[in-house]
Amino acid sequence: MSIFTDVHHLPLNWLGLKDIPAVPIELEGVIDSAVKLYERTKQIEPAKQGLTHQYTINANRASGIEFLYGKRPERRLQSALEPLIDGKRPHSLMKDLYRALGPADTSETDAQSLSSLQRLSLDSAEQWSISWTKYDGIYDRFKHLIPEWSRSLTSSAEASSQFWPMIANNGFAYNLLLLKKASGSDLPMLRRRFKKAWSKDWTQLAKLGQLYYIDLSIFARAKVGEVDGFKRFTPATMTLLQQDP
């Protein structure tokens, strides 16, 4: 065993937190995660640099990237990891990584930690598109959706009418658990799946249009994988839900 593979306590006492349970950490794992996090920041850089659409918020005209990230790019994580990636052992490694992954140093000036542009609230619902990048033409291809989606933020009736279509048309992009309303044609399949556990009450709920289900049985076909000797899989479940009328 070594200092990098031993399990240590996260030094929360540095922050004055002396009355909470200890948090175990492994330096090798922390370093591995931090390096991968740094690599991830490089992967998202093209999309981040594509936040060039101009917005006027509280009379300030600037690009999306300036409102979201400030005028100076964040380099705390990169600065902490560069010595490590170069094969050098950084001084006070744990403290450097904590500063990089944690909140900004309270001694930093306001301009360094959070710019005045980042502190502003949006002026309109349409400005929620501020996180849409122009990389790969994404903003231009989907800007026609902005008026419709913005109405869902300003009108409760519009929000209600768009709710289920939004889940149906865009839910897979966010890996949501998708509900399906149990229609009459679904009942034979559901009874077959639940067998003796099926309840007549569920049949009545379906007739009232108040029975929904989440079907993850497709994962029964997938082979169970292993990571470091542990089985990793998505349970092949069928979940019933009753809608509150």
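Which side chain meets K180 in a salt bridge? I will start there and then walk through the rest of the chain. The partner is D186, and the N to O distance is 3.5 Å. Keep in mind throughout that this is a predicted model.

The two ends of that pair sit in unlike surroundings. K180 is partly exposed, at 42% relative accessibility. D186 is buried, with a relative accessible area of 7%. As background, side chains of opposite charge can pair when their charged atoms come close.

Now the overall picture. The chain has 245 residues, and 24% of them count as buried. It contains eleven helices and nine strands. If you take contacts between residues at least 6 apart in sequence, 55% of them join residues at least 24 apart.

Next, the salt bridges. How many does a search of the whole structure find? The count is five, and K180 with D186 is one of the pairs. Another is D32 with K36, where the closest N and O atoms are 3.2 Å apart. Both of these residues belong to helix α1, and they are four residues apart, which is about one turn of the helix. D32 is partly exposed, at 38% relative accessibility. A further pair is D136 and R141, with 3.7 Å from N to O. Here D136 is exposed, its relative accessible area being 58%, while R141 is partly exposed at 46%.

Since α1 has come up, let me stay with it. This helix covers residues 27-43, so to speak 17 residues in all, and spans 24 Å from its first C-alpha to its last. That is close to the 24 Å expected at 1.5 Å a residue. Which of its residues are buried? Among them are L27, I31, A34 and Y38. They lie on the same side of α1, because the arc they cover around the axis is only 65 degrees.

On to the cores. The largest nonpolar core has ten residues: A182, L187, M189, L190, W198, L205, A206, L211, Y213 and M238. Which elements give two or more residues to it? They are α10, residues 187-194, α11, residues 200-207, and β6, residues 211-215. The largest share, three residues, comes from α10. In general terms, nonpolar side chains tend to be buried together in soluble globular proteins.

Not counting residues up to four places away in sequence, M238 touches M189, L190, R193, F194, Y213, I214 and D215. There is also a second, separate core of nine residues, and Y55, A62, F67 and I130 are included in it.

Now the hairpin. Strand β3, residues 54-57, and strand β4, residues 60-63, run antiparallel and are joined by four bridges. The two strands form a hairpin with two residues between them. Which residue of β4 is the bridge partner of Q54? That is S63. S63 is buried, with a relative accessible area of 9%. Setting aside neighbours within four places in sequence, its contacts are L51, T52, H53 and Q54.

The turn of this hairpin deserves a look at its backbone angles. N58, in the turn, has a positive phi of about 50 degrees. A59, in the loop between β3 and β4, also has a positive phi, near 70 degrees, and is a residue other than glycine. Is A59 buried or exposed? At 74% relative accessibility, A59 counts as exposed. For context, most residues other than glycine have a negative phi.

K195 has a phi near 50 degrees, and K195 is not a glycine either. K195 is exposed, with a relative accessible area of 64%.

To close, back to the pair we began with. K180 and D186 meet in a salt bridge, with D186 buried and K180 partly exposed.

Terms used:
Residues numbered from 1 in each chain as written. Predicted model: local features only at pLDDT ≥ 70, side-chain atom pairs only at ≥ 80, totals over all residues. Heavy atoms only, no water. Core = buried A, V, L, I, M, F, W, Y, C linked by side-chain atoms within 4.5 Å. Buried < 20%, exposed > 50% of the residue type's maximum accessible area, 1.4 Å probe, protein only. Contact = heavy atoms within 4.5 Å. Pairing = 2+ DSSP bridges. Expected span 1.5 Å × (residues − 1). Arc of directions from axis to C-beta. Salt bridge = Lys/Arg side-chain N within 4 Å of Asp/Glu carboxyl O.
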